[in-house]
Structures are given as structure tokens and as C-alpha cells.
Amino acid sequence: MVTPSFPSMRMRRGRSSPWIRDMLAEHRLHPSDLIWPLFICEGEGQEEPISTLPGVSRWSVDRLAEKAREARDLGIPCIALFPNTPPALRTDDAREALNPDNLICRAIKAIKDAVPEVGVLTDVALDPYTAHGHDGVVDDRGRVLNDETSAILVQQSLVQALAGADIVAPSDMMDGRVGAIRAGLEKAGLIDVAIMAYAAKYASAFYGPFRDAVGSRGLLKGDKRGYQMDPANGAEALREVALDLAEGADMVMVKPGLPYLDVLARVKDAFGVPTFAYQVSGEYAMIEAAAAAGAGEREALVLETLLAFKRAGATGVLTYHAPLAARLMAG
Ligand SMILES: NCc1[nH]cc(CCC(=O)O)c1CC(=O)O
Ligand SMILES: [Mg+2]
């Protein structure tokens, strides 16, 4: 590598005007980088604001088509769906997850009927359906059972895929579930349904507002450290990703986002596969809190963080700021 030195090299030449900064930019943001997570509630004509996620609401199924049209018009290729299951339907065995007429299945159909050209990604995990708030079924000591949960997740994936989901995204961190889901989809002839594995998902303090949004925060007994990754570990993420890819994941995800950019970059460098980042609810809330406090400017914070994901190697980003970001990218 050439090692020019001052004054023959002046780095500021490349920053001296907007046109040259634009010309030399290594990364660019585009609305197609975005996946927009949406929360769903029962009822008609409903919008339920989420207090810990200011600016984000739950929407009833009849109002999702307008959201999907908004995504399409903004150039956002894909929507991710998360249901807030009514409390009476939450049970220890999470059976509502397998109801083909449950909230998320009705939401998938509503979107696919109205705006089929927008992709629909669904979360595969049992936490919106369990009475104890865990992502799987538990034994009498409260430990999440791996293989029993995985078998239910296969059925949950099939129910969602048959309702029209384009991508199923297991977020539960059970071992072996990607392979089991892939086999289930193949057997059912659902060969075009993609799997985005939440491959490196950490036991994080940044999920609080999400748990409010899906109504599991008050229910959760204990924590998820028995199945989600330890924030102390980086190399382990590469093993998790390798396993999910071997089992048939089409795309992988690292979650949360900004605090784990090192993991994202390592995963992308090591595997070179489509790699997504989830800028999670607590990260959204931090940006909103900074903006509300006058500590930072919302639009600049949003765009800078998204660019950081791209620089680290992200193929795309799940973010609650997706519609705002897409508008800003359009200029
Ligand atoms: N399996 C549930 C799930 N899917 C996505 C998120 C978090 C997303 C966010 O915080 O925005 C969680 C929460 C959790 O694992 O407790
Ligand atoms: Mg795993």
C-alpha cells in the first residue's frame, strides 16, 4: 500500500465540497435497505400508542393495508409483523400461535390481499402467546425446553407460511430450529418461503419497549439468558451463524444493532451472506429520548446510525424509524 505523506497528501481535499463528498462516499442509504416492524392489535379502526416507544403504535388488522401502501410508496420492500395477543389467549402451551386464524395470520392475509408486492416477514417464537412470556414452553422449573419448543415452532412457521408470509424469522434461539423449520417447509411444498434466522441474538436490556408493545413485559418470569446469547461473547456468534446457515437459513440477523456492530462486521466478513441488523426498540427509544431532550437531532441521528450499519456490512436494517428514514432518503 502506498503511504503518501503531508503535504503531498491532504485528506481534506476529499471533504472540501458537497459534490466531492458525494462522489467519494463509500456507502449510500436507500429505502430498499429497510425492513419496517409493525405491531398489531385486536379490534377495528384501532391505533394504540406505545408509551415507551413514542411515535410507534399498534394497529388493528383493518388499518394494516394503509401501512403496507405507505411502505410500498416509500420504497420499503418488507414489513415485519408482531402481534399483541389478547391476555385471555396466552397459555402455557402457546396454542394460539398455531391458530390459523390468529391475529398475525389475519394481518398477513390483509396485507397480502391489499399490497401483494410488499414482502411480509413474521416472527417465529412463542413469547406473544405464552402466559409466562418466554419464547418457548417451559418445564416445571421454568426452564425453556429446546426440542419440544422447536417442534411447535415448525408448526407455527407452517401456519404463518400458509397464511402468506414470505419470510419466517425464528427469533427464539432454540438449537436446531432452523433445520427443523426448513424440513417442515420443504415437506409442505413451501419451497419459496425464506428463513431469516435471528442467528446471533443477545440477551439484551434493549428489548424493554418491544415487550411493552407485544404485552409480554409484565408476564415474563425471570430472564432469557438460558437461550439468548451472553453480551460477553463475540466468537460464539460466528458458531451460531455457521449452524443456522448449515441448517438452511437464507439470511441471518444480528440483534441488537448498534451495540453489536463488531459482531455484525465479523459475521459479514466471515460468511458473506445476506446479513441483517435489528435496531431494536431500546435503541429507537434512546434516539427519541435524545431528540426530546434536545441532546441530538432526530433525523441526523437516524441517518447516521443507519449508515453505520451499512458501513459495518449490513445488507439491511430492521428499524422502527423506517418510514421516517425512507422519507429522508427520498430528500
Ligand atoms: N422473540 C421475541 C422478540 N422478537 C424481537 C424482539 C425484540 C425487538 C425489539 O426490542 O425491538 C423480541 C424480544 C425478546 O427476545 O424478548
Ligand atoms: Mg442457534
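Helices (H or I, at least four residues) and strands (E, at least two) are DSSP runs numbered from the N terminus. The model is predicted, so that local features need pLDDT of at least 70 and side-chain atom pairs count only at pLDDT 80 or more, whereas totals for chains, interfaces and linings use all residues. Residues are numbered from 1 along each chain as its sequence is written, and chains are lettered from A and ligands numbered from 1 in the order in which they are written.

Within H9, Ser281, Glu283, Tyr284, Ala285, Ile287 and Glu288 are buried, that is, 20 or more other C-beta atoms, placed from the backbone, lie within 10 Å of their own. The cover over these buried residues includes helix H6 (208-214), strand E9 (275-279) and helix H10 (298-312), contact being taken as C-beta atoms within 7 Å. Just after H9, Gly294 adopts a positive phi of about 75 degrees.

Ser281 also belongs to the residues around ligand 1, which include Asp123, Asp127, Asp135, Asp172, Arg211 and Lys224, each with its C-beta atom within 6 Å of the molecule. By class, this shell comprises four nonpolar, two polar and six charged residues, where Asp, Glu, Lys and Arg count as charged, Ala, Val, Leu, Ile, Met, Phe, Trp, Tyr, Cys and Pro as nonpolar, and the others, Gly among them, as polar.

In the protein overall, buried residues make up 45% of the 331 residues.

Methods:
Buried ≥ 20, exposed ≤ 12 C-beta atoms within 10 Å, placed from the backbone. Contact = placed C-beta atoms within 7 Å.
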